[in-house]
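Please open the structure in a viewer and keep the sequence beside it.

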Amino acid sequence: MAALATAAGALPALADGSRALFTVTASAHTLVAPAAGGDGGYSDLLVSFAADDGSSTLAGVKVAVDGRQLAHLAELNLPAPCAFTDTEHLQALCAPGDFADGGGHLTLGVRAAPGAVAGAAGKILFTVTASNAAVNRASGRDVTEVRVGEGPQLSVARLPVLTRTKAGAATTLATGLTNQGDRDAHGVLLWFRIPERYAPAAAFGDFGNCRYPDRPAGLVLCRFDDAVVRPGEVLRPSVPVALVAGDDPRDGRFEYGADVAGGPTDRQLTAAQGAARPGAGAPLTLTAGPAGGFGGEAAFTYLETGRRYALAAVAGDVTGIQGATVPATFALRNDGNEPAAAGGGRTADGDPPGLLVSFPPGVEAAGAPAECAERPAEPTVYLCAQTRTLAAGEFQTYTFQLLLAEPLDRAPGRASVQGQALAGAALFTVTSGAAPAPTTIRGYTAAPGPALHAVVPATEETGPEPSAPSPTAVTAAPVVASPSSQATLGAGLAETGGGTSGLSLAATGGLAVGLGLGLIAMAARRHWAGSRG
């Protein structure tokens, strides 16, 4: 058992027992102006790829691009590591090579084809492979819809996938907007979502035509009611957006976007912002800017602070009998070398940081820990709060009682760190099958005497076949409130012995290796691009 405990966190997420997983994320939508023409006017097509453990090298990355649905609708522009593979220039193969820091991205260009009809749309598919890893098909996105702008269509400039910052530092972000529709846009709303522990720099914090939240982080709305943006025109704020990281910043996601005044996004965000503080200074204005780098109604960048601690989710596969209730233990683990405080601020959604566990359909939570609350989502999702400070290497565990209501064959679930994008996520599977039918076997006893040379039949017994012995069950003990270190978590988390849970040592496999008993460490990737809900 001691040997098992020392291996905690050592197992990567595996696709086929030998290959690590990586996730592909493409932008959901991109807009193209209906009459770009010339050599420019390209919008961005962004596809990113990241190892699920957050740091492993992805070797020999290749990206196959299939844009056949864009025939007579759009044209592609390829970066250096790509080449077209067809005469129509709608299919391509890119070979960007190795990515040593856990992942990367590729940006292609797309613009409307001559004569493309406003409002027309088609999809482009990205197939990404790596020589040392397999694609995680339980998450991510590999398809982008390309739409030709119809009416006024405001889109914003892309941001870097990752922006590095540190405590007390100011970060300047180049934002801007354009009209990729076929008619003038009258009136503009620009919105900015600032993550926790960041605040607008003084130069960007008091414009008379902007409304600010009642705390440093949150939603900022700026209105330009008299602005007219003509098709193809590019405008940028007269003062660049600048954010200042606080004394103890966390990784976060900065987002911004644009909408025509009075549009659906305008109405939704105005209602969401509620009470807000109007700025008292001169208004922010829009000035002409350079073209290029646009493609959607919103854009974002991940702010990475380089802090010296990092929370990770810990999860293990669940196996049992259909209709049975089995224990399943998940955990938050501090993978860094400094303490991770509890209740460290709120996330962009207003939730406290913690462990977010999503169970596959067919699994019901018959019992949940006191620290965990169900969220309104399909399938079942629970948010488990971090309630104490975790020293380096420490866990906070959460044990659920799961009802395996339906037959499942490695149905995928996910545990992730709330408020930390997808960094530190862990995948797990749930398998449930029918109980084995009882079989009749015949036992024998030796006849008395000095020589054991004859036997007589004994009584008949009912039970499993000898080749399929009854599993030794694992029953989770109640979670204690005191801190649990990596060295001591195995003692007290679970015990072996008879029971009816249906979660056997043989079935748990890597679970025992991951946390003494019951857990397997699967650290995840940074989420490089694309929003996921």
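A residue counts as buried when its relative accessible area is under 20%, and as exposed when that area is over 50%. By this criterion, 48% of the 533 residues of the protein are buried. The model is a predicted one.

**The whole chain**

Begin with the entire protein, shown as a cartoon. It contains 5 helices and 41 strands. Among contacts between residues at least 6 apart in sequence, 79% join residues at least 24 apart.

**The open sheet**

Select next the open sheet of 6 strands, whose order is E2-E11-E9-E4-E7-E6 and whose pairing is mixed. Which strands stand at the edges? They are E2 (29-32) and E6 (82-84); each has a single partner strand, so one side of each is left without a neighbour in the sheet. On average, neighbouring strands of this sheet are turned by 20° against each other, direction being ignored.

**The largest nonpolar core**

Turn to the largest nonpolar core, which comprises 35 residues. Which of its members touch the most other members? They are Leu-154, Leu-177, Leu-190, Phe-192, Phe-224, Phe-254 and Tyr-256. Two or more residues of this core come from each of the elements E12, E16, E18, E19, E20 (234-237), E21 (241-245), E22 and E26 (298-304).

Centre the view on Leu-190. Beyond its neighbours within four places in sequence, the contacts of Leu-190 include Leu-177, Phe-224 and Tyr-256. Val-220, Leu-221, Cys-222, Pro-237 and Leu-286 are also among the residues that Leu-190 contacts.

A further core, of 34 residues, lies apart from the largest one; to locate it, select Phe-22, Ala-26, Leu-45 and Val-65, which are among its members.

**Ser-155**

Select Ser-155, which is found in strand E12 (residues 154-157). Is Ser-155 buried or exposed? Its relative accessible area is 0%, so Ser-155 is buried. The side chain of Ser-155 forms a polar contact of 2.6 Å with that of Gln-180. When neighbours within four places in sequence are set aside, Ser-155 also contacts Leu-31, Gly-176, Leu-177 and Thr-178, together with Phe-294, Gly-295, Gly-296 and Glu-297.

**Helix H2**

Proceed to helix H2 (residues 264-273), and display the side chains of its buried residues, Asp-266, Leu-269 and Gln-273. Viewed down the axis of H2, these buried residues fall within an arc of 80°, so they line one face of the helix. The elements covering them include strands E16 (185-194), E18 (210-212), E19 (218-229) and E22 (252-260).

Which residues are exposed on the other side of H2? Pro-264, Arg-267, Gln-268, Ala-271 and Ala-272 are exposed there. Just after the helix, Gly-274 adopts a positive phi of about 60°.

**Glu-374**

Leaving aside neighbours within four places in sequence, Glu-374 is in contact with Thr-380, Val-381 and Tyr-382.

Key:
Residues are numbered from 1 along each chain as its sequence is written. This is a predicted model: local features need pLDDT of at least 70, side-chain atom pairs count only at pLDDT 80 or more; totals for chains, interfaces and linings use all residues. Side-chain values use heavy atoms; hydrogens and water are left out. Buried means under 20% relative accessible area, exposed over 50%, partly exposed in between (1.4 Å probe, protein chains only). Helices (H or I, at least four residues) and strands (E, at least two) are DSSP runs, numbered from the N terminus. The arc is that of the directions from the helix axis to the C-beta atoms. Contact means heavy atoms within 4.5 Å. A polar contact is a pair of N or O atoms within 3.5 Å; within protein, one must be able to donate a hydrogen and the other to accept it, and residues adjacent in sequence count only if both atoms are side-chain atoms. A nonpolar core is a set of buried Ala, Val, Leu, Ile, Met, Phe, Trp, Tyr and Cys residues joined through side-chain atoms within 4.5 Å. Two strands pair if DSSP finds at least two bridges between them. Axes are lines fitted to C-alpha atoms, for helices over the stretch in contact, and angles run from 0 to 180 degrees between N-to-C directions.
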